Amino acid sequence: MSAKLLKGKKVAERLKPDIKLRAAAVSENRGSPPLLAVIAVGKDAASQTYLRAKLQVCEEVSVEATVESLPETASESEVLALLRKLASDPTVDGILLEQPLPPRLDARRVVEAICPDKDVEGVTTANFGRFYAAKTLADMRASGALIPCTADSILQLLLETGADVAGLDAVVVGRSNIVGRPTAHLLSCLNATVTLCHSRTHDLAGHVRRADIVAAAVGEPRLIQGDWIKPGAIVLDAGIHGSGKEMHGDVDFEAASRAAAFITPVPGGVGPLTVVCLLDHVVFSAERRTRQSLGA
Ligand code: NDP
C-alpha cells in the first residue's frame, strides 16, 4: 500500500478538546451546557448503534443530550408537534432527527419542520439556502450556514492533505442532499473543477480516471474500482457497508490505496469524524444563541 491514510478517528480525537473547551465556555457564560435534543422514531437497528456512538461523544465533549423516542407507529402530526415543542424550548440548542424515518412519514415535510436555528445537521432548506449561496468557505462561515455533517467530515479530511485544491479535477459520485451534492459544492468553493456523477452517468470509470480528487457517496460496496484511480489522487470514501472485519466503503480500498496518494479507510475514516462535526455544530449553535440572548 502506498497511500497515506486519512484517519478520521485521529482527527476527531484532535478536535474534541477544543469543542469541549468551547462547550465549557458556553456553560460558564449562561449557566447551562449546550443541549442537543435527539428525536428517534421507531427502532432502526443501525441508527440505534449510531445514536449510542453520538451520545458517547456528547459526554466526552460535555454536551448534554436528551432522547425523545417515539414508537414506530407515531403519526406525522405527533412528530411535527414534538419538533414544534423543541423549537420553542429555550434550553435546546440543536435538534437531531434520526434517520431513516419510517417510510409512512413524509421525510422531507418532517425535516422542514426542524427549527432552522437549531438545525445542527444542516439539512433544512433554510440552511441549504445560506450554504449554496456561499462562494467560499469564508462566506459560508460569515452567513452562519452549517455544512451537512458528512460533507463537513469529508472536507476536514481533504484539508488534512494540505493539497492546494484550486484548479484540480474533482469527481463526486452520488448526489444526495446530505452527502454528494454538498460535497460537490464545498469542492467548488475550494475552486476545484467539479463533476457530479450519479446513477445515470455514462462512463463513470472514465470520469473517475481523470480525477485528482474522488469523493464517493454512492451506497454500493466497492463500486469504485482500484484501477479507476489516477496515480496520486486523493480518495474520500463516505460509504459504510457491513460491520466488524467485513466493513467496506464505496471504494475498493485495497486496490485504490496502491494508486492514491491519500485515502480514507473504512472504518475509521469519514464516519467517526462526522459525529464530531455534528457536536461542533451543536456548540456553534449554543455559542450563537448565547450571544443573541446576551445581546452581544
Ligand atoms: P443515497 O442513496 O441518498 O444516494 C446515493 C447516490 O449515489 C445517488 O445520487 C445515486 O444516483 C448514486 N448512485 C447509486 N448507484 C450508482 C451507480 N451505480 N453509479 C453512480 N452513481 C450511483 O445515499 P447517501 O448519500 O445517503 O449515502 C451514500 C453513502 O454514504 C452510503 O454508503 C451511506 O452508507 C454513506 N453515508 C455515510 C455517512 C457517514 O457519516 N460516514 C452518513 C450518511 C451516509 P441517483 O441520484 O441517480 O439515484
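The following legends describe close-up views of a predicted model.

Residues are numbered from 1 along each chain as its sequence is written, and side-chain values use heavy atoms, with hydrogens and water left out. Because the model is predicted, local features need pLDDT of at least 70 and side-chain atom pairs count only at pLDDT 80 or more, whereas totals for chains, interfaces and linings use all residues.

**View 1. An open sheet of 3 strands has the order β3-β2-β4.**
Helices (H or I, at least four residues) and strands (E, at least two) are DSSP runs, numbered from the N terminus. Two strands pair if DSSP finds at least two bridges between them. The pairing in this sheet is parallel. Strands β3 (64-70) and β4 are the edge strands, each pairing on one side only. From one strand to the next, the twist averages 20°. Strands β2 and β3 are joined in the parallel sense over 7 bridges. Within this pair, Leu35 stands opposite Glu64 in β3, and Leu36 has Ala65 in β3 as its bridge partner. Strand β2 (residues 35-41) also pairs with β4 in the parallel sense, over 4 bridges, and here Ala37 stands opposite Ile95 in β4.

**View 2. Strands β2 and β4 are shown with the two directions of their residues.**
Buried means under 20% relative accessible area, exposed over 50%, and partly exposed in between (1.4 Å probe, protein chains only). In a regular strand the side chains alternate between the two faces of the sheet. How many of the residues of β2 are buried? In β2, 7 of its 7 residues are buried. Leu35, Ala37, Ile39 and Val41 lie on one side of β2, and Leu36, Val38 and Ala40 lie on the other. In strand β4 (residues 94-97), Gly94 and Leu96 point one way and Ile95 and Leu97 the other way, and all are buried.

Axes are lines fitted to C-alpha atoms, for helices over the stretch in contact, and angles run from 0 to 180 degrees between N-to-C directions. Contact means heavy atoms within 4.5 Å. Two packed helices are described by the angle between their axes and the distance between the axes.

His281 lies in α11. Is His281 buried or exposed? His281 is buried, because its relative accessible area is 2%.

**View 3. Pro267 is found in the loop between β9 (262-263) and α11.**
Pro267 counts as partly exposed because its relative accessibility is 48%. From C-alpha to C-alpha, Pro267 and Ala3 are 16 Å apart in space, and they are 264 residues apart in sequence.

**View 4. An open sheet of 6 strands has the order β1-β9-β8-β7-β5-β6.**
The pairing in this sheet is parallel. Strands β1 (4-5) and β6 (193-197) stand at the edges with a single partner strand each, so one side of each is left without a neighbour in the sheet. Strand β5 (residues 169-173) pairs with β6 in the parallel sense over 5 bridges, and Val171 stands opposite Thr195 in β6. Helix α8 (residues 180-189) packs on the sheet and touches β5, β6 and β7 (213-216). The direction of α8 makes about 170° with that of β6.
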